[in-house]
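Dear colleague,

Please find below the structure for your records. The notes that follow set out what was found in it.

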Amino acid sequence: MTRRIGWLAFAVFALLGFVGSAIGGAWTIGIELADGSPFTILMAAGTTIAWLFFWRWVGLGAWLRAHPPLGEDGLPVRALEPVGPWGIVGRVMLSLMVIGFVTLTVWGAVDNQRVNERAEQIRVKAERIARSNELTVADVQTAEKAYGIWSWSAGSKAPGPNPYDELLTVSDAQVVDVSVTSDGAAVLIHPDGGTPPCVVVTVDEDELIRSRLTEDCKTI
């Protein structure tokens, strides 16, 4: 039987692509299920399905060319029937779908990188401001109490400035929550828009200031 080594190698490559897409897709979907929004979960799932379908299509086509079926006479037959008009339409639609999903994947990766870089810049800026202001646990505790009073009177015409805004003033971001425990205090900062990752600035009992990024933008 005729063997086409090039097509066989391509089929093996497609199989590796299928397995890699399955593993990478499952890992990405798992991360999005834990920390992502419904849109990013659906995009990750849709992208994974598209890649699996693409590699399956490529792999089966390559395998049929490397290992064509035999006819009644024992000779290889054509693996594919002539493509009609609807076959051409289907292939065009499949190509457009794959290109669309690849474009969305690349766009999502670029946008995610941009968001992460912006959040990192805000983290560095917030930590620098906190150190410059010599932020203490007592400062955070005072702001927490003042915010309770401010939010209660926020319905009045002049409730005054938000105490959280005065605690840490960071451009392109806003303090949305604080937490005080026996071990120290933490300040949650949203970049404008409130999309993850957000920034947490912590002050321990020794007044040591640190900062980190977090995917949880709701609670500290």
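Please note that the model is predicted. The protein chain has a mean pLDDT of 82, and 85% of its residues reach 70 or more. Confidence is highest in β2, at 96, and lowest in helix α2 (residues 38–66), at a mean of 80.

Strand pairing

Strands β1 and β2 are joined by a hairpin through two residues, and they pair in the antiparallel sense over eight bridges. Within this pair, V175 stands opposite I189 of β2, and A173 has P191 in β2 as its bridge partner. On the pairing of β2 with β3, the sense is again antiparallel, over six bridges. Here V187 has V201 in β3 as its bridge partner.

How many of the eight residues of β2 are buried? Eight of the eight are, so the strand is largely enclosed by the rest of the structure. G184, A186, L188 and H190 point one way from β2, while A185, V187, I189 and P191 point the other way, and all are buried.

In soluble globular proteins, nonpolar side chains tend to be buried together. The largest nonpolar core in this model has 22 residues, of which L135, L168, V170, V187, I189 and V201 touch the most other members. The elements giving two or more residues to this core are the helices α3 (85–132), α4 (137–152) and α5 (163–167), together with the strands β1 (173–181), β2 (184–191) and β3 (198–204). Of these, α3 gives the most, with four residues.

V187 deserves a separate entry. Which residues does V187 contact, leaving aside its neighbours within four places in sequence? They are L135, V140, L167, L168, V175, D177, V178, V199, V200, V201 and I220. Among these contacts, V201 is also the bridge partner of V187 in β3, and both L135 and L168 are listed with V187 among the core residues that touch the most other members.

Two further residues

T214 lies in strand β4. With a relative accessible area of 14%, T214 falls under the 20% cut-off and is therefore buried. Not counting residues up to four places away in sequence, T214 touches L188, P197, C198 and V200. L188 is one of the β2 residues noted above as buried. A polar atom of the T214 side chain also lies 3.1 Å from the backbone nitrogen of D216.

S21 is placed in helix α1 (residues 5–35). Is this residue buried or exposed? At 16% relative accessibility, S21 counts as buried. S21 touches T48, W51, L52 and W55, with residues up to four places away in sequence not counted.

With kind regards

Definitions and conventions. Residues numbered from 1 in each chain as written. Heavy atoms only, no water. Core = buried A, V, L, I, M, F, W, Y, C linked by side-chain atoms within 4.5 Å. Buried < 20%, exposed > 50% of the residue type's maximum accessible area, 1.4 Å probe, protein only. Contact = heavy atoms within 4.5 Å. Pairing = 2+ DSSP bridges. pLDDT = per-residue confidence, 0-100. Polar contact = N/O pair within 3.5 Å; in protein donor to acceptor, adjacent residues only side chain to side chain.
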